[in-house]
Amino acid sequence: MLLRLWPQSLFGRLLAASVAAVLLAQAVALVLIAQERERFVMQGSVREWTRRIAETTQMLAPLSAAQRVAALARQSESSPAADPPHMTHPPWGGHHAAAHPLERGFLRLPLLSDFENTLREQLRAALGTGYGIEFGPTPQPAPPAVALAPPFYEAHELALHPARAQRYDVTVRFPDGDAVTYRLERMPGGAPLPRNLFVNLSLLVLLLVIVLYIAARNITRPLSELARAADSLGRDTRAVPQIAEQGARELRDAARAFNTMQDRLHRYLDSRTRVLAAMSHDLKTPLTRLRLQVEALDNEPMQARIGRELDEMESMVREALALFRGLDDGEPASALDVDALVAQIRDEFRDMGATVTITGHALRPFVGKPQALKRCFTNLIANAVKFGTRADIQIEDGADLLIRTRDRGPGIPEAELERVFEPFYRLESSRNRDSGGTGLGLSIARDIAQAHGGSLLLANLPGGGLEATLRLPRRR
């Protein structure tokens, strides 16, 4: 499930990884801040409560038991009666800032803290070994105790959320056996963090995400342009302009290398075009002279046999030049009606007495080179008719345009399904054109498919016969 949610594009992965790293860093920073604040708050609260308990205990220590009760009663009478129970000022004059209910409170992270042990250890250090200390949650019902006002940061939250307060009783036992109980209140949970801290961190994350978005886009945009240029170069070598050499140094180097490769490819194609033009003239001229000489022969059987040989040579030269020329013929791509093109080829084969059927149809025109695609379809149908007695064409359209050509022949051995795409490779050992052909039809068909960004695959059918699947991707 997580792999499905992970972006597939480089831009998406860069942005997602960067945002995840920022969020993780902010979470770690928040935890570290909370831990430090928790330590500060807890130490401050414990230090304040320890001071007050120690001062009161030392004030009551010289008195007798009756005097202690009277002193505590007088101090309780002098305490402000208007204060709520958890905000009662201690009789020794400790004060805290009043919390306004409209003021913003704190948010807490659930961090572990050893509040009880810390308070107990500091009390023992402040009072000495002669005093006994008992510490625990306030029992129910709560017995009488001396109320200790919370520190200012605890008092603020206790004023806003009194129902969430946790009450603890600290019982200090004097050396003479008498005891006094102090009651304190604190907020549960971990470190108190101001709410605006989360707002500031959220704004910081948003700012970083915007910067990372811009940086990731600047990195991936040249790569996307390079990918589109490479794809277009495979379709039409003459229609791709030079891409801009911009961005980071590595991206500029990649764009420069692509432009250099494109220039070299153009020079190579221009040189090959001149060579093919010379070869075409040099090969066809002697064949034409030979044909004229054959027509002048008086021996008709010899004339017919040599004529068939010349026809085969001309066909081999024509197909070899077509293979070597590839799609570098300057034919522009245009929107063509695949249904009409396939129907036209079917009618041409029917006129020659072949059986060709068509099922399915294309949903919309396909952008490609009409003459090259016609040559590709013709080669596939010709192979099906020649070696499989008939051709059944099935057209499927969707994200890709699929054209399946099936025959009812003997099929091809599995080990030979890829080798038949090699130029001049034929299953038959004979060089007779009626049995083995020139071995260039499938090679030319696959070159045309790949030049359109597609593929051509062969597979044996379970019930016998061969299926050629031509896949042409729709441009998105």
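This is a predicted model: local features need pLDDT of at least 70, side-chain atom pairs count only at pLDDT 80 or more; totals for chains, interfaces and linings use all residues.

Q: In what order do the 4 strands of the open sheet lie?
A: Strands (E, at least two residues) and helices (H or I, at least four) are DSSP runs numbered from the N terminus, and two strands pair if DSSP finds at least two bridges between them. Here the order is 2-4-5-3, with mixed pairing. Strand 2 (132-137) and strand 3 (146-147) are the edge strands, each pairing on one side only.

Q: In which sense do strand 4 and strand 5 pair?
A: Strand 4 (residues 166-173) and strand 5 (residues 179-186) are antiparallel, joined over 8 bridges, and Val170 stands opposite Tyr182 in strand 5.

Q: Which strands does helix 2 touch?
A: Contact means heavy atoms within 4.5 Å, and angles run from 0 to 180 degrees between N-to-C directions, with axes being lines fitted to C-alpha atoms, for helices over the stretch in contact. Helix 2 (residues 10-60) packs on the sheet by touching strand 4 and strand 5, and its direction makes about 160° with that of strand 5. Helix 4 (residues 115-127) lies across strand 2, strand 4 and strand 5, running at about 160° to strand 2.

Q: How does one describe two packed helices?
A: One gives the angle between their axes and the distance between the axes. The axes of helix 2 and helix 4 come within 9 Å and cross at roughly 40°. Helix 2 is therefore oblique to helix 4, given that angles under 35 degrees count as roughly parallel, over 145 as roughly antiparallel, 65 to 115 as roughly perpendicular and the rest as oblique.

Q: Which residues make the contact of helix 2 with helix 4?
A: Among them are Trp49 and Ile53 of helix 2, together with Phe115 and Leu119 of helix 4.

Q: At what angle do helix 10 and helix 11 cross?
A: Helix 10 (residues 370-388) and helix 11 (residues 441-451) cross at roughly 140°, their axes coming within 9 Å, and the two helices are therefore oblique to each other.

Conventions: Residues are numbered from 1 along each chain as its sequence is written. Side-chain values use heavy atoms; hydrogens and water are left out.
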